[in-house]
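This report describes the fold of a two-chain structure, from the whole chain down to single contacts. Have the sequence and the 3D view ready while reading.

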2 protein chains.
Amino acid sequence: MQKATLTILGCGSAMPTRKNFPSSQLLEIRDKQFLIDCGEGAQIRMSQMGVKINRLGHIFISHLHGDHCFGLIGLISTFGMLNRTAELHIHAQPDLEKILSPLLQYFCSDLPFSVIFHSVNPRKHELIYEDRSVSVYSIPLKHRVPCCGFLFEEKPRDRHIIREMIDFYNIPTWRIPKIKQGEDFITEEGEVIPNNQLTKASDVPKRFAYCSDTAYSEKIIPIIQGVDCLYHEATFMDDEQVRAKQTEHSTALQAATIALKANVKKLIIGHYSARYINQTALLNEAQSIFKNTVLGEDMTIYDI
Amino acid sequence: MQKATLTILGCGSAMPTRKNFPSSQLLEIRDKQFLIDCGEGAQIRMSQMGVKINRLGHIFISHLHGDHCFGLIGLISTFGMLNRTAELHIHAQPDLEKILSPLLQYFCSDLPFSVIFHSVNPRKHELIYEDRSVSVYSIPLKHRVPCCGFLFEEKPRDRHIIREMIDFYNIPTWRIPKIKQGEDFITEEGEVIPNNQLTKASDVPKRFAYCSDTAYSEKIIPIIQGVDCLYHEATFMDDEQVRAKQTEHSTALQAATIALKANVKKLIIGHYSARYINQTALLNEAQSIFKNTVLGEDMTIYDI
């Protein structure tokens, strides 16, 4: 089974630093790729890492601050040069289409693929995308401008068949898809073979939540409850609580408090203010509340 | 005396690579900074290099392909966050103002400084900017879209006074500015002291030419004749001459031929196609024609 992974392309905040590009990350789940935010240089990070993005069909933009979307035009332009033909879907607030369309017309008038905008209402928690293996929900966040996070939920996978039992009962191939989905098998003699004798449970579906940018907000807790991995912004140390509140960002302590209260399995922090050259203090602060915190770092791949 | 230097922030071409960001470079001359082109990530490179750009007042954009201007909005936005107050002047084709203005309004509505656009006609060789120490001229180039390079010419500096001679003739301070500019001194007794006994020649003014993007064009030779340093694009090796012609780019051999014919002192090549992982072959090819060729590299500072 392929693991679900998160590749952080940039986990800096508004101003890029020596270490951190602005926000952008690539979620890979069930052989699909989803780009979450696309700050300036997202495509550069991908080429630096040698990440191939031929399975990327959907981009999710949390809000319309430059550090979360200035990389879109460059990325789309590059897709054009690479002769991409598959549709590219962008899920964002409707203003993005108004902003990007004139740029696309000017710089990318001959794109060999369509860019399709899907309007997201950042004030609502709702299903905004699904395919046969993944559902994506918006998570209303609390920021200076309308902003939402995203919850990615893997759909349950088919159960694994137990090959020996299938052979033993001589089950024809055409019955297998239904059995993988949990159906019992009835032999010609009318004997019912319960599904749990024929299959083993599949892996538990993964859940990942992206919450940036946001002030401390307990309203998100029921939505992200128990996720396998939470990326939560931690722009400041807790001694900058006042500044965090003013700018509607979170401190590392607050991010960890959310992780604890939502009982998540792992917390990745990021979106660090440029003032923190050494980010270990942010990690220590978060870990003092929530032990399984990981420091988000650019160009790093995390298991979900 | 402070040297004139060129900092290459990016010398890749349309698609960024592991090594090269898109086009952007910072010219520092006479305590001023000029940004030439501003591809995606220009501000990131500056922060990676720790380059302070508090003396940057003027940006020159060669043409409106994304790899030469997608970094502008991020840079301007960052200037806003840094509370810049000095005017920022952008010299470019008039379309740039039309493209950038809506973005500035949306993302940077409360900038604490003015962004002033100056229209450049890329088809004319003319003076487009000057201050008391530098003149900048456009250089019409040959590309798929209107495009021009830029010639930066330092104005002659004042002559250096010979302190002992000034003391010997007891020349009052108020006369010195004129003497630095070449005036003779007349003593109270009416004796004429020729200027060359009182001063030494200042350093020869530097000239730098930026020529990217362009097909091979001998028309630029009279304009860039004898410059101290020429940055000329070398997108391809000469075995890709056909492709170079189609896309209106130059080969390394062509760049070197221009350098040779224009009798420049030093050639820096750049704007490499992403296909060249190892760029040494491009350098070797150029050096086979023009010995004093230097391989342009990102995040590197060159003396002019």
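In chain A, buried residues make up 47% of the 304 residues. The model is predicted. The C-alpha trace of chain A spans about 75 × 55 × 35 Å along its principal axes. Among the contacts in chain A with a separation of 6 or more, 63% are between residues 24 or more positions apart. The secondary structure of this chain comes to 10 helices and 18 strands.

Chain A is divided into domain 1, which covers 5–157 + 203–303, and domain 2, which covers 160–200. Taken over C-alpha atoms, the centres of domain 1 and domain 2 of chain A are separated by 42 Å.

**The sheet in chain A**

Which strands build the open sheet of chain A, and in what order? Seven strands take part, in the order β6-β5-β4-β3-β2-β1-β18, and the pairing is mixed. At the edges are β6 (115–119) and β18 (300–303) of chain A, each of which pairs on one side only. From one strand to the next the twist averages 20 degrees.

The pairing of β1 (residues 5–10) with β18 in chain A is antiparallel and runs over four bridges. Within β18(A), the residue opposite A:I8 is A:T300. Helix α1(A) packs on the sheet, where it touches β1, β2 (24–29) and β3 (32–38) of chain A. The direction of α1(A) makes about 120 degrees with that of β1(A).

**The sheet in chain B**

Chain B has an open sheet of seven strands in the order β6-β5-β4-β3-β2-β1-β18, with mixed pairing. Its edge strands are β6 (115–119) and β18 (300–303) of chain B, and each pairs on one side only. The twist in this sheet averages 20 degrees from one strand to the next.

An example of parallel pairing in chain B is that of β4 (residues 56–60) with β5 (residues 88–92), over three bridges. B:F60 has B:H91 in β5(B) as its bridge partner.

**Helix α1 of chain B**

Helix α1 (residues 42–49) of chain B lies across β1 (5–10), β2 (24–29) and β3 (32–38) of chain B. The helix runs at about 120 degrees to β1(B). Why is α1(B) largely enclosed by the rest of the structure? Six of its eight residues are buried, so the rest of the structure largely encloses α1(B). The buried residues are B:A42, B:Q43, B:I44, B:R45, B:M46 and B:S47. They pack against β1, β2, β3 and α2 (72–81) of chain B. Just after this helix, B:G50 takes a positive phi of about 70 degrees.

**Two helix pairs**

Two packed helices are described by the angle between their axes and the distance between the axes. The table lists these values for one pair from each chain.

| Helix pair | Angle | Distance between axes |
|---|---|---|
| α2(A) and α3(A) | about 40 degrees | 11 Å |
| α9(B) and α10(B) | about 35 degrees | 8 Å |

In chain A, α2(A) passes α3(A) in a right-handed crossing. On the α2(A) side, A:L72, A:I73, A:I76 and A:S77 meet A:L100, A:L103, A:L104 and A:F107 in α3(A). By class, this contact has seven nonpolar residues, one polar residue and no charged residues.

In chain B, helix α9 covers residues 252–261 and helix α10 covers residues 280–287. The crossing of α9(B) past α10(B) is right-handed. From α9(B), the contact is made by B:A252, B:L253, B:A255 and B:A256, and from α10(B) by B:L282, B:E285 and B:A286. These residues divide into six nonpolar, no polar and one charged.

**Where the chains meet**

How many residues does the contact take from each chain? It takes 24 residues from chain A and 24 residues from chain B. In chain A, α1 (42–49), α2 (72–81) and α3 (95–107) each supply at least two residues of the side that touches chain B. By class, that side of chain A has 13 nonpolar, nine polar and two charged residues.

Technical notes: Residues numbered from 1 in each chain as written. Chains lettered and ligands numbered in written order. Predicted model: local features only at pLDDT ≥ 70, side-chain atom pairs only at ≥ 80, totals over all residues. Contact = placed C-beta atoms within 7 Å. Nonpolar A, V, L, I, M, F, W, Y, C, P; charged D, E, K, R; others polar. Pairing = 2+ DSSP bridges. Axes fitted to C-alpha atoms, helices over the stretch in contact; angles between N-to-C directions. Buried ≥ 20, exposed ≤ 12 C-beta atoms within 10 Å, placed from the backbone. Left-handed = near helix turned anticlockwise from the far one by under 90°. Domains from an automatic or database assignment.
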